[in-house]
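Visitor: Could you walk me through this model and tell me what stands behind each label?

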Amino acid sequence: MAQVSLRNVSKVYAGGARAVDSVTLGIENKEFLVLVGPSGCGKSTTLRMIAGLEEVTEGQIYIADRLVNDIPAKDRDIAMVFQNYALYPHMTVFENMAFGLMLRKYPKSEIMRRVNEAADILGIKHYLERKPRELSGGERQRVAVGRAIVRKPTVFLFDEPLSNLDAKLRVQMRTEIHKLHIRLQTTMIYVTHDQTEAMTMGDRIAVMKDGVVQQIADPITIYDKP
Ligand code: ADP
Ligand code: ADP
């Protein structure tokens, strides 16, 4: 089975809106899959169900062959990077990156090692002692990525991580995330409404509309038959 597998997954929010409508999708081990589509089509809901941050209404989600419908987010081997960074404002960069590992009772030496390694990979060593408000948007997003990396998950989820950045930085961060994928050799699922981002980043692209995955193919095929 694929690394992440969705079988006829639907989400109906209280109030009746069917945000995701019977999506079946397999994400292969080490693949970079982009989920693209207009605002409101159900991308974020799909990602949040994979992360365990939103309950599945119908269908099954498997991660590494394990049915995870009833597994809480913290027990899934997944880390997610959010559009708004979701950093803790009162903590330093180091503390933000270390926090999840501290909650999980990792030894201090292991925490130091992992945070320093992630900071090295992302080029953020020189601001480990700063607070989020002292950082630019791009720097904050690197910290948010760093916080995901230190957990060493087998699956990374990105929810529009570059939407708050200016055009130049978006292009630069695209390349950085692409490099990260090559370096870490992990499965990544990346949500965006930006078609250029999808075409330049995805090994495969899933095109979503009105809660349904309409097409899933490599960028060349999508380009030929949009
Ligand atoms: P996208 O990520 O593609 O912009 P979303 O998954 O955020 O789409 O939203 C899909 C649909 O579900 C939209 O119609 C949105 O308004 C609705 N929706 C999203 N979150 C909630 C919620 N917490 N409660 C009710 N409806 C929601
Ligand atoms: P951490 O962000 O390090 O996981 P918490 O354990 O306090 O810190 O997170 C609270 C809840 O939200 C947990 O269920 C956790 O799994 C989930 N969560 C928080 N951040 C992420 C993330 N980056 N990726 C996936 N799940 C997250």
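Guide: Gladly; we will take the ligands, then a helix, then a single serine.

Guide: This is a predicted model, where local features need pLDDT of at least 70, side-chain atom pairs count only at pLDDT 80 or more, and totals for chains, interfaces and linings use all residues. Residues are numbered from 1 along each chain as its sequence is written, chains are lettered from A and ligands numbered from 1 in the order in which they are written, and side-chain values use heavy atoms, with hydrogens and water left out.

Visitor: Which residues surround ligand 1?

Guide: They are Y13, A19, P38, S39, G40, C41, G42, K43, S44 and T45. A residue is near a molecule if one of its heavy atoms lies within 4 Å of it.

Visitor: What makes the approach of ligand 1 to the backbone of G40 a polar contact?

Guide: A polar contact is a pair of N or O atoms within 3.5 Å; within protein, one must be able to donate a hydrogen and the other to accept it, and residues adjacent in sequence count only if both atoms are side-chain atoms. An oxygen atom of ligand 1 is 2.7 Å from a polar backbone atom of G40, so the pair qualifies. For S44, a polar backbone atom is 2.8 Å from a ligand 1 oxygen. Taken alone, ligand 1 exposes 560 Å², and the protein buries 56% of that (Shrake-Rupley method, 1.4 Å probe; for residues, only the protein chains shown count as cover).

Visitor: How do you know that the buried residues of α5 line one face?

Guide: Helix α5 covers residues 167–184; helices are DSSP runs of H or I, at least four residues, numbered from the N terminus. Its buried residues (under 20% relative accessible area) are L169, M173, R174, I177, L180 and H181. Seen down the axis, they fall within an arc of 145°, taken from the directions from the axis to the C-beta atoms, so they line one face of α5. On the other side, K168, K179, I182 and R183 are exposed (over 50%).

Methods
Helix = DSSP H or I, 4+ residues; strand = E, 2+ residues; numbered from the N terminus. Expected span 1.5 Å × (residues − 1). Buried < 20%, exposed > 50% of the residue type's maximum accessible area, 1.4 Å probe, protein only.
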